[in-house]
Amino acid sequence: MEGGNDSVVIEFILVGISGGPHVKFTLFGFLFAIYLLTLVGNTLLILLTRVDLRLHTPMYFFLSNLSFLDIFYITVNVPQLMVHCLSKRPSILGRCLAQMYISRFLGITECLLLAVMAYDRWVAICKPLRYSLIMSNRVCLLLAAMSWSGSFLLCLSDFLAKQPRFCGTNVINHFACELQAMLKLACSDTRSNQIVMVSTSVLVLLVPFSFILVAYVHIIAAVLRINSTQGRAKAFSTCASHITVVALFYGAAIFVYLRPQSKSSPDQDKYLSLFYGAVTPVLNPLIYSLRNKDVKEALKKLAGVKINC
């Protein structure tokens, strides 16, 4: 519905990707492959952490949380994107705000979980003798619960802020109902929403990212004190996957949400959002499995392949 200036908008048109049918069919194929790989890769990773005793450790417990989140995260947006690739009028009716808040909740949870995983690596390398005592099952459950509940409370603050009123144009230059793109359409005062959005972005992006950087400074210092080259390589290998995921996810998210709005580009923002919303979830299981000996051996065992020690 696209009415006059006083009409309230309840239906939004998502621009997505511009181009002819061949471009949209190509995007559909790409998204279908990404979605299928994400479901298979992350489900397999969750299964491995459940059935293989060697993976019953805090690191893999948090990794299974991340995999569950990635399945949920990509399911919120990508199936709808695929439908829109085949639709002449890619619109979303009534559930646009719900999609926006759910995506934001999952994105914030991932930020917090990555920080918790950095803490786990810091304890494992800097305090190895006390690792099992510090990272007990109770502590792991508590840290995971704090990540999910903390994200919910932060999203609740967004929801309780003055809700923007949408009237006039209903065309969103984005692949999904994204907060920044939607606020640009509001015909009411959005200053309170902008303040809450920036404050939340600083709290869930800069603060956890700074914590991760400090943790890895201590980790690198501890690793460099290890005398053997083999010991240093093993210690670094346990962190390499996590560092890669952090760089991909935080790099894209910080660039989108903490860049000055005057320098933002709607087209650039929507493709970056597509990257950390659709591509990152499929990369996570690949990064953690390809660079992790324990996961590869557990996968071989699950597939019935004999491992030669």
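Tutor: Grid points are joined across faces, edges and corners, and a volume is the space filled by probe spheres set on the points. This is a predicted model, in which local features need pLDDT of at least 70 and side-chain atom pairs count only at pLDDT 80 or more, while totals for chains, interfaces and linings use all residues. Residues are numbered from 1 along each chain as its sequence is written, and side-chain values use heavy atoms, with hydrogens and water left out.

Let us start with the largest pocket, which has a volume of about 530 Å³. Its lining has 18 residues, and those nearest the centre are Arg121, Lys234, Ser237, Thr238 and Asp294. Two or more lining residues come from each of helix 2 (58-85), helix 3 (96-126), helix 8 (229-257) and helix 10. Helices here are DSSP runs (H or I, at least four residues), as are strands (E, at least two), numbered from the N terminus. Helix 8 provides the largest share of this lining, 5 residues. By class, the lining holds 6 nonpolar, 5 polar and 7 charged residues; Ala, Val, Leu, Ile, Met, Phe, Trp, Tyr, Cys and Pro count as nonpolar, Asp, Glu, Lys and Arg as charged, and the others, Gly among them, as polar.

The second largest pocket has a volume of about 320 Å³. Of its 13 lining residues, Arg50, His56, Thr57, Phe61 and Asn137 are closest to the centre. Helix 1, helix 2 and helix 5 (137-160) each give two or more residues to this lining, and the largest share, 4 residues, is from helix 2. Here the classes are 7 nonpolar, 5 polar and 1 charged.

The largest cavity holds about 440 Å³ of space, and among its 29 lining residues Tyr73, Ser103, Glu178, Tyr257 and Tyr276 are the closest to its centre. Helix 3 gives the most to this lining, with 7 residues, and 18 of the lining residues are nonpolar, 8 polar and 3 charged.

The second largest cavity has a volume of about 100 Å³. Its lining has 12 residues, with Tyr101, Asp158, Leu179, Leu183 and Asn193 closest to the centre. At least two lining residues come from each of helix 3, helix 6 (179-183) and helix 7. The lining divides into 10 nonpolar, 1 polar and 1 charged.

The chain has a mean pLDDT of 81, with 86% of its residues at 70 or more; pLDDT is the predictor's confidence in each residue, from 0 to 100. Among the elements, helix 4 (residues 131-134) has the highest mean pLDDT (93) and strand 2 (residues 91-93) the lowest (60).

Note on methods
On a 1 Å grid over the protein atoms alone, a cavity is a set of points where a 1.4 Å probe fits but cannot get out, and a pocket is an open set with protein on both sides within 12 Å along at least five of seven lines; lining residues have an atom within 4 Å of a point.
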